[in-house]
Amino acid sequence: MSSNKGLWLATICVACLFAGAATAAEPVVAKAADTEWRLHGNDVGEQRNSALRQINTDNVDQLGLAWYFDMYTRRGVEATPLMVDGTLYVSGSWSMVYALDAKTGALKWFYNPEVDRSFLAKGCCDAVNRGVAYADGSVYVGTYDGRLVALDADDGSVLWDVQTTDREQSYTITGAPRIAGDLVVIGNGGAELGVRGYVTAYDQKTGKQAWRFYTVPGNPADGFESTVMKKAADTWTGEWWQWGGGGTVWDAMAYDPALELLYIGVGNGSPWNQKLRSPGGGDNLFLTSIVALKAATGEYVWHYQTTPGETWDYTATQHMILADLEIDGKPRQVLMQAPKNGFFYVLDRVTGELLSAEPYAVTTWASHVDMETGRPVETPDARLFDGENVSLPSNAGAHNWHPMSYHPGTGLVYIPAMQIPIKFLAPSNERDRQPNQGYWNVGFDRIANVPPNIPNLNEVLDETYKGRLLAWDPLKGELRWASDWTRVAGGGALSTAGNLVFQGNNAQLRAFNAATGEVLWSDDIQTLAMAAPITYAIDGEQYVAVAVGFGGGAGAEAGAIVHHWDIPNLSRVLVYKLGGKATLPPVPERDRELPKPAPVTASVETLEHGKVIYQRHCSYCHGDGMRTGGLTPDLRYSGAAVHEQWQAIVREGILAARGMVSFAPYVDEASAEAIRQYVLLEANRLYQRQQGAYIAPQEQRAPEDGDAGR
């Protein structure tokens, strides 16, 4: 805890600690009550905890695959399924929705919103979707191209379809809608490409807009939407609106029906670098804030800002959990969050009062949170962006979108955490210091993130970029247990009354003892599971379901790590039960042998220029140093046909229908050729490694004119 440690009293009794777990006097397999999973986080508190206990610590080793369903795409999968009235509703990439029989996996209906593939370039982290919402016979999905669509839950027919964003700007939707009373609420993304964030509520039956709340102020010359926005503008300087401002609500929201409050998590600034968007400093409200709104009207109630003057992409869009805890002998209605910045926050959700803020990860940017002011105390080098100073957490965060879980029985929050160091470098090119809406520009020079050319790079990345599951005590503000460090691949968490926690990790679905962290069961799922599992019961039988397949943040932020794994990206729904006997088909074989590339013909200066331009414009999708997560092409494997059409692809946009839009406004013909030569250089280096002819670092150099192909 902080300086208020003495005010806290842990009141969880030993008898409560294991409430719901199976006992020796009970049958090994008790009949489970039919139980649905109707809301994104299961209950209104988004605790992602289930009262089901048929599957428990005594018998989880008997868990087997009941059925699986192959989705129709092979991009990122991040969705939490819903189970309502015997039907499993799950979304996949490109915002497609599948309605499956929850017992058998049979497809009942399928909805394709037919998103134009050119929108892929308008988004941050792949065409993912984190789930649908359900209410009164309707299923709601936010589409990647910015629409909110209501579907008939019985047959998938479209009830209404509204455009919630300006299609001319780089807005996308990847988050799940939330139900708030008779409204359905949706946010959006796009801060990395220069948009202004907001959240919108619509009437569930008609799709008519009820209200909209902007999270950052716009151009003062245009007037402010509310007095709240006018006050927020006082915390900004310069001409921030030229950059968009950011503050998108791209994921977490929670609704408290008793308080009639909607809580939204607000994202990072646009651009990340505060010195560019708000050169005179300031808190820049409501970036990286938890904001409470009146659900019926969208009226502002309170806010708490986790990272004032945000400049590291430390979003507060991570999962929020509502719970009732006893603190200092008094019941408190709290909101808990573990945002990217590495501190675990406990707030009074009625008033917004900060109750606790303790680091759950290594934080080099701030030493602690001052409980008197509620503000982080930044370290002297927190804003030193020289390309050498290491920042922890990185922009990927100590915890990203992967949902947490809270188990009332153990009193613990289970956090999918990770550790990825980063070096920020202030921009050296004038173009990177200018507003750049529609194309990536985070205000930092990404050249500092190129992986080194060393023979044991894979081992270095595995050791440096890693993750684990944390069991966090929110009352004491301390770690109770943690899983072993592994590669960065941990998915969302599910806890149950069977004293279990489920999480996908490293091509395994695992079950932990919720109290001790002991791994009790695991299953090879052939791919990565980034999304959180759910559980439900039909006809007295409990099932555990998870949507698998990697992408999104893992593809963009951890591409360098997952690239060298021999793990395919398989988009599937997997459902387990006790005694399940189904089996998965063999893993498709992957041919990763690189044909001999064409020789490099450019000068050292040209290759260095190509490297800089690649990192500036291409690395966000194709990976730092061309080490991508696999969802976008590894350019080192580009064939002769690609190289022959290089200028047409990069500058004319002939592959726009596949997401590769034209970069002609920012990349001239000479720069495009420099990128191609840099690609050939890296392709030849990879080929030499595969052939066992690796060039030692001290011997590596770009070929001079006249010695092409060295």
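Guide: First a term: two strands pair if DSSP finds at least two bridges between them. Strands (E, at least two residues) and helices (H or I, at least four) are DSSP runs, numbered from the N terminus. This is a predicted model, where local features need pLDDT of at least 70, side-chain atom pairs count only at pLDDT 80 or more, and totals for chains, interfaces and linings use all residues. Residues are numbered from 1 along each chain as its sequence is written, and side-chain values use heavy atoms, with hydrogens and water left out.

Visitor: In what sense do β22 and β23 pair?

Guide: Antiparallel, over 4 bridges, with β22 covering residues 330–337. Leu335 stands opposite Leu347 in β23. The two strands form a hairpin with 5 residues between them, and Gly342 in that turn has a positive phi of about 95 degrees.

Visitor: And which strand is on β23's other hairpin?

Guide: β24, residues 354–359, antiparallel to β23 over 5 bridges. Phe343 has Pro359 as its bridge partner there.

Visitor: How many residues of β23 are buried?

Guide: 6 of its 6, where buried means under 20% relative accessible area, exposed over 50% and partly exposed in between (1.4 Å probe, protein chains only). Phe343, Tyr345 and Leu347 cover one side; Phe344, Val346 and Asp348 are on the other.

Visitor: Switching topic: how many disulfides does a search of the whole structure find?

Guide: It finds 1, counting cysteine sulfur pairs within 2.5 Å. Cys124 is joined to Cys125, S to S 2.1 Å.

Visitor: Is Cys125 buried or partly exposed?

Guide: Partly exposed, because its relative accessible area is 21%.
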